[in-house]
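This report describes one protein chain for a reader who has its sequence and its structure at hand. Please keep both in view while reading.

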Amino acid sequence: FFRCLAYLLSMEDKMSVLPEDTLACSFGLLRLGPQLILRLVCRRFCAIVNRCCAPKWKVFLRLVGSAEVKGVRRSLWLCCNAAELSILCDRFSELVAAVLEVKEGVPPPFLNLTSLNVADNSFTHEGMQVLAAAASFPRLTTLDLSGNWIGDIGMQCLAASSAFPDLTSLNLRQNDIGSFGMACLATSSFFLNLTDLQARENIIQDGGLQALASSTSLLSVKSLDLRGNSIGNAGIQALAVSSSFPDLTSLDLSENNIQSPGLETLATSSAFPKLTFLDIGYNDFGTAGMRSLANSSSFSALRSLGVGFCRIGTAGLRALAASSSFPSLTTLDVSENTCGSAGMEAFAATATFRGLTSLDVGYNMIDSERVVSLVAAHLSCLNFLDMSCNGLGAAGMQALVASTSFYGLKSLNVSAN
């Protein structure tokens, strides 16, 4: 509404004193509520004008309480004939999206806003056009657009907007954004301060990640969330040789289409020396991919690793157990991998992961009380342990209860055993 008002203010030269033989209508523009209501009112008024007024008559729209210009509150009138009013109604959404011009003596809106959350509002590209064309949010650092439908067109509008000069965190989760939309962001020069980019559950695919990997505008990004984006080996291979994210510390690539060749390329990459969090779970790289990761020398700074539901099997967990590639690891998720008791015994017996504080081995077909004893003996630093949905049975539960090594444990999940 404020943008519509700004548009009308820009037409001051067409405003005049109400003459004779006219039809006037007052709209309390700032009190009408949603755009749809005002559009319906405009259309209804237009129908009345067409039915009741001579074509030569002029229609005057009065904006009640419209603006304060140079210290004086003015009631402004827009002069148009019936045909012009019809066009005005038809183009109302474009008028709403007109760029707000800050008038003399009127402070810009949302001057002190630092965080804006418009998540889950069925926000489309039209809404994004309005937001992107707004007056600058000079202090905004966090923008949450998740759970909307801005799509590629909305992303194009956002990428071309200079309204968010200090933005550091951008959440684009579930917005139907494809490769083109992500490419628009990757080539934008307006997001140089961005450190946190969340784009999970979109459809950016390989093309979108390739665009990000070649970006020279997102060098400040430290956290990148691309979960559930149908990214395959081609996208991962582009990321592996990228120099676009030199300070990246957190990377989520889970729930994509990464197979063994893609993970092998990532495992040999030296692009992310500062990475401390990596989640590549729910991909299909299997035992071969797990072996390449276990033999990697590129992730020595990792503190958290997620490889749940990746079909690594017993051999994959054994390869991880024999690895010395993750000396700083404290959090590990190997759930839903059918590793079995043999794989878990090999892992629990190793001294490599004794610094773990969080371990998820749920849904792994573990049915031996010996596993519980080994976990208790060698992983005594744990404060979170998930062994749910295995087959520990009474013997395994007895071994767990009899252990005196879990003195630091704060959270234990042994459901469905």
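## A buried serine

Ser260 is buried, with a relative accessible area of 14%; buried means under 20% relative accessible area, exposed means over 50%, and partly exposed lies in between (1.4 Å probe, protein chains only). Ser260 belongs to helix α10 (residues 260-267). Helices (H or I, at least four residues) and strands (E, at least two) are DSSP runs, numbered from the N terminus. Apart from its neighbours within four places in sequence, Ser260 is in contact with Asp284, Phe285, Ala288 and Gly289, where contact means heavy atoms within 4.5 Å.

## Basis of the model

This is a predicted model, in which local features need pLDDT of at least 70 and side-chain atom pairs count only at pLDDT 80 or more, while totals for chains, interfaces and linings use all residues. Residues are numbered from 1 along each chain as its sequence is written, and side-chain values use heavy atoms, with hydrogens and water left out.

## The chain as a whole

The chain has 417 residues, and buried residues make up 50% of them. Its secondary structure comes to 15 helices and 15 strands. Among contacts with a separation of 6 or more, residues 24 or more positions apart account for 85%.

## Helices α10 and α11

The axes of α10 and helix α11 (residues 286-294) come within 8 Å and cross at roughly 0°. Axes are lines fitted to C-alpha atoms, for helices over the stretch in contact, and angles run from 0 to 180 degrees between N-to-C directions. The two helices α10 and α11 are therefore roughly parallel to each other; angles under 35 degrees count as roughly parallel, over 145 as roughly antiparallel, 65 to 115 as roughly perpendicular and the rest as oblique.

On the α10 side, the contact is made by Ser260, Leu263, Glu264 and Ala267, and on the α11 side by Ala288, Gly289, Met290, Ser292 and Leu293. By class, the contact of α10 with α11 has five nonpolar, three polar and one charged residues. Here Ala, Val, Leu, Ile, Met, Phe, Trp, Tyr, Cys and Pro count as nonpolar, Asp, Glu, Lys and Arg as charged, and the others, Gly among them, as polar.

## Helices α5 and α6

The axes of helix α5 (residues 125-132) and helix α6 (residues 151-159) come within 8 Å and cross at roughly 5°. That angle makes α5 roughly parallel to α6. His125, Met128, Gln129 and Ala132 in α5 meet Ile153, Gly154, Cys157 and Leu158 in α6. The residues of this contact of α5 with α6 divide into five nonpolar, three polar and no charged.

Which residues of α5 are buried? They are Gly127, Met128, Leu131 and Ala132. These residues cover an arc of only 130° around the axis, which puts them on the same side of α5; the arc is that of the directions from the helix axis to the C-beta atoms. What covers the buried residues of α5 includes β4 (115-117), β5 (142-144) and α6.

## The twelve-stranded sheet

An open sheet of twelve strands runs in the order β4-β5-β6-β7-β8-β9-β10-β11-β12-β13-β14-β15, with parallel pairing. Its edge strands, β4 and β15 (411-413), each pair on one side only. Neighbouring strands of this sheet are turned by 5° against each other on average, direction ignored.

Two strands pair if DSSP finds at least two bridges between them. β5 and strand β6 (residues 169-171) pair in the parallel sense over three bridges, and Leu143 stands opposite Leu170 in β6.

In helix α7 (residues 179-187), the residues Gly181, Met182, Cys184, Leu185 and Ala186 are buried. Their cover includes α6, β6, β7 (196-198) and α8 (205-213).

Ile203 lies in the loop between β7 and α8 and is partly exposed, with a relative accessible area of 41%. The C-alpha atoms of Ile203 and Met182 are separated by 9.6 Å, with the two residues 21 residues apart along the chain. Leaving aside its neighbours within four places in sequence, Ile203 is in contact with Asp176, Ile177, Gly178, Ser179 and Asn229.

## An exposed proline

Is Pro273 buried or exposed? At 56% relative accessibility, Pro273 counts as exposed. Pro273 is found in the loop between α10 and β10 (277-279). Not counting residues up to four places away in sequence, Pro273 touches Pro246 and Ala301. The C-alpha atoms of Pro273 and Pro246 are separated by 7.7 Å, although the two residues are 27 residues apart along the chain.
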